[in-house]
Amino acid sequence: MKRIYSVLAVGFAGLLLLATTTRSPKNQYGLVIGTPAIKSINALTFGPDGILFIGDGKSATVFAIDTKDASAVEKPGQVDVKNIDQKIAALLGTEVKNITIQDIAVNPKSKNVYCAVQHSDGTPVLLKVEGDKLTPVSLKEVPFSTLALTNAPAEDAKDGRGESLRIASISDMGFADGKLLVSGLSNQEFGSTFRSIPFPFTSAQDQASLEIYHAAHGRYETMAPIKTFTTTEIKGKKYLLASYTCTPLVLFPLDELKAGSHVKGRTVAEMGSGNQPLDMVILKKGSDSFLMMANSSRPVFKVKYKNIEAYQGSLTTPVEENFATAGVDFVSLPLTNVIQLDKLDDSRMVLLQRRSNGNLDLWTSSERYL
Amino acid sequence: MAILIFGHPVSGIYKNFQSGQIRLYATYSLIFFVCGLFVACHQAEDTGIKIQWADKRATGISIASPLLKTVPADSLNQLLSVRLAGKETAIAGTISLTGDVAIFEPLIPFTRGLRYDVWLRNQRLSEMTIPTLSSGDNPKLLAIYPSQDSLPDNLLKIYLHFSRPMREGQSLNYVSLIKNKADTLPGVFLDLQPELWNADRTILTLWLDPGRIKRDLLPNKRLGAPLQAGSQYQLVVSSAWPDQQGATLAKPTTKSFLAVQRDSLSPAPAQWALAPPASGSVQPLEVAFGEALDYSLLAETLHVFNETGKPVSGSWQIGDNEKLSLFKPDAAWQKGQYRLRIEGRLEDLAGNNLNRPFDRDITRKELQKKSRSFVELAFSVY
């Protein structure tokens with residue numbers, strides 16, 4: 001009888017233990033339910049299982065949010081929202097001039113498009129696009145975790161002088177190999193801070209300084225800020241593929257981007273000055289891969305991936321002719337004024353484009369661009 | 001000859017008919033008028049809508065209507081909607097109900113000057129217009145840094161301080177640089193998106209295009225430096241710049257300055273003049289730099305330590321066109337040795353910091369010295 005009691009007691013204790021563990025608020029990524037204090041949304045990118053990363057430049061913080069939008073869709077339909085700015089304005093009860101679309105990101109699982117909008121008073125809004133429907137995504141009482149981006153170490157030495165005048169912004173974010181990658185810019189130093197943050201968030205974040213040779217400028221340029229980037233694999237090795245203002249395309253080995261390291265990139269293409277790169281994705285058609293890149297003053301570029309792989313050199317001499325290009329060859333697509341793009345599936349991308357008639361449309365490209 | 005219908009003369013019937021009709025019309029219109037008056041008064045008393053304000057922003061409305069009682073609480077979200085006048089899209093927001101008062105809070109504040117309708121099922125309950133800001137309620141440009149009126153031709157940054165949060169993403173539409181009161185210079189500022197605003201959007205940092213400042217870079221070779229020594233410039237901030245509410249700056253601001261010769265040298269703390277205060281006083285320590293330094297960095301890169309290496313608490317004040325800083329201690333100075341610590345990242349107006357000039361030829365080896373995180377100057381209080 002005693003044995004039965006003790007078995008029962010152990011079983012009960014086990015049940016209790018189970019009950020407490022299931023009640024634990026942290027999920028597998030260390031997310032806790034609550035309302036994240038998001039002050040701005042500068043950049044969006046998706047991690048695993050519908051986890052959305054939000055880059056908040058105003059509070060110099062990154063947030064990981066579980067969108068619970070993680071049911072896998074293999075063959076997504078077309079995303080097509082005509083006059084998306086007018087639709088967003090009506091949904092938010094204001095006029096088009098009062099809103100800005102900050103970033104779009106496609107959930108790689110559900111293939112839904114997420115869109116960060118900022119109202120003129122600074123209020124950030126997150127929207128989800130399904131087909132041609134826009135719905136707001138609530139950021140109240142959601143599973144989330146957060147990490148403050150650390151500044152230059154010396155800044156910790158505060159001596160009661162009040163609020164810092166340091167201003168930071170986040171220019172782009174990406175997720176690769178279990179790490180959130182963040183490129184940013186501060187108003188106090190002209191330079192790119194590039195951070196690699198393991199997810200689930202711990203206190204760790206590696207900050208590296210990146211040096212590139214800027215062929216349009218004819219000098220080594222340690223201090224140019226990265227505008228946009230993506231990650232890629234060349235011959236089994238992982239790389240960060242970054243683009244800068246005035247538009248060099250540079251490869252950095254990902255495994256060298258460690259805390260305090262100073263990494264020299266290999267410039268593989270010079271895509272013309274007087275331009276800012278806006279977004280990059282990598283698409284596939286058959287066995288061929290392509291880098292697609294949207295630009296502020298030029299059409300969307302398509303670069304054959306094989307050419308990047310094959311280009312073993314590094315541009316180290318200045319491009320003499322103004323606005324000329326050098327290095328890996330690329331094609332200019334008949335797609336102008338593309339403001340945002342992200343990958344929908346292997347062969348298609350979602351584009352936010354200012355059409356020649358002035359309309360701002362969100363639409364899905366077809367394979368014919370590859 | 002009279003026409004008879006059922007024995008009555010037609011003209012008589014007509015007369016009766018006419019007068020009866022008029023009376024009827026009069027009665028009808030009176031009833032209609034009274035009803036109309038009643039409805040009008042009723043509406044005036046009870047549009048039932050109150051705007052909720054926070055920081056001069058219309059962040060919500062409360063809707064009081066007896067009709068709300070006819071709606072099950074759980075379907076209020078589907079049946080009650082607020083829309084822009086003339087639009088069919090329901091505005092995104094949250095609805096909560098207490099008694100017969102519903103509170104609607106949109107995701108973003110209502111826009112001043114726009115008209116909105118409140119709908120219940122397919123019936124328009126009422127409408128409202130968000131009042132525009134009163135005229136005269138405008139944001140101000142409080143300061144422009146650097147504040148000197150002669151600036152090096154390789155000036156790197158300009159800071160604009162506003163009295164209220166401003167609209168971001170459009171600064172280059174409202175800031176221009178004019179040379180010799182004649183030509184507006186294109187492409188002088190770096191077009192950054194997102195722009196470098198502080199968290200409450202009252203301070204904007206503008207970069208003069210570093211590619212044009214650095215010697216020998218292509219933009220510099222082709223387009224030249226943004227500023228030329230010896231020329232007069234006006235930095236003009238347009239009055240059309242809206243704040244987050246849509247109110248524009250009260251007036252345009254012009255800062256005139258003369259571009260002087262290039263500053264290619266790092267700030268040299270060894271040449272700074274320190275005026276130590278007397279012990280027992282709370283007089284400020286005065287640090288004169290001999291040149292203007294970067295406003296934003298000055299505010300946080302100077303620190304005072306006592307003999308034991310502990311930081312002295314107090315406040316810094318920037319003065320004399322950013323050519324000096326004053327440190328006022330919280331407690332009276334004690335006799336002894338102190339150290340002024342200057343972080344290596346402190347820059348002058350041309351982006352030269354303590355460790356390296358902004359524009360350096362990195363192919364020259366002698367400049368590749370080890371960078372220091374700080375430099376210290378000793379001073380004594382007697």
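What follows is a short exchange about a predicted model and the terms used to describe it.

Colleague: How are residues, chains and ligands labelled, and what limits apply in this predicted model?

Modeller: Residues are numbered from 1 along each chain as its sequence is written, and chains are lettered from A and ligands numbered from 1 in the order in which they are written. The model is predicted, and local features need pLDDT of at least 70, side-chain atom pairs count only at pLDDT 80 or more, while totals for chains, interfaces and linings use all residues.

Colleague: What pLDDT does chain B average?

Modeller: The average is 83, and 81% of the residues score at least 70. Here pLDDT is the predictor's confidence in each residue, from 0 to 100. Over residues 1–17 of chain B it is below 50, and that stretch has five contacts beyond near neighbours in sequence. Residues 34–45 of chain B also fall below 50, with zero such contacts. A contact means two C-beta atoms, placed from the backbone, within 7 Å. For the complex, the predictor gives an ipTM of 0.81 and a pTM of 0.80.

Colleague: What makes up the secondary structure of chain A?

Modeller: Three helices and 27 strands. Helices (H or I, at least four residues) and strands (E, at least two) are DSSP runs, numbered from the N terminus.

Colleague: How many of the residues in helix H2 of chain A are buried?

Modeller: Eight of the nine in H2(A), residues 84–92. They include Ile84(A), Ile88(A) and Leu92(A). Asp85(A) and Lys87(A) are buried too. The buried residues of H2(A) pack against strand E5 (99–106), E6, E7, E8 and strand E27 (360–364) of chain A, and also against strand E5 (80–84) of chain B. After the helix comes Gly93(A), with a positive phi near 70 degrees. In chain A as a whole, 48% of the 370 residues are buried.

Colleague: Which residues touch the most other members of the largest nonpolar core?

Modeller: Leu92(A) and Val350(A), in a core of 157 residues. The largest share of this core, six residues, comes from H2(A). A nonpolar core is a set of buried Ala, Val, Leu, Ile, Met, Phe, Trp, Tyr and Cys residues joined through C-beta atoms within 7 Å. Leu92(A) touches residues of both chains, among them Ile99(A), Val125(A), Ile91(B) and Leu107(B).

Colleague: How do you know that E6(A) and E7(A) pair?

Modeller: DSSP must find at least two bridges between two strands. Strand E6 (residues 113–119) of chain A has six bridges to E7(A), so the pair qualifies, and the strands run antiparallel. Cys115(A) stands opposite Leu127(A). Four residues lie between the strands of this hairpin, where Gly122(A) has a positive phi near 100 degrees.

Colleague: What does E7(A) do on the way to E8(A)?

Modeller: The two form a hairpin with two residues between them, and Gly131(A) in the turn has a positive phi of about 65 degrees. E7(A) and strand E8 (residues 133–136) pair antiparallel over four bridges. Val129(A) has Leu134(A) as its bridge partner. Strand E7 (residues 124–130) has five of its seven residues buried.

Colleague: What makes E10(B) and E15(B) edge strands?

Modeller: Their sheet is open, with four strands in the order E10-E12-E16-E15 (chain B) and antiparallel pairing. Strands E10 (141–145) and E15 (196–197) each have a single partner strand, so one side of each is left without a neighbour in the sheet. Strands E12 (residues 157–162) and E16 (residues 203–207) of chain B pair over five bridges. There, His161(B) is the bridge partner of Ile203(B).

Terms used:
Buried ≥ 20, exposed ≤ 12 C-beta atoms within 10 Å, placed from the backbone. Lists of a residue's contacts leave out its neighbours within four places in sequence.
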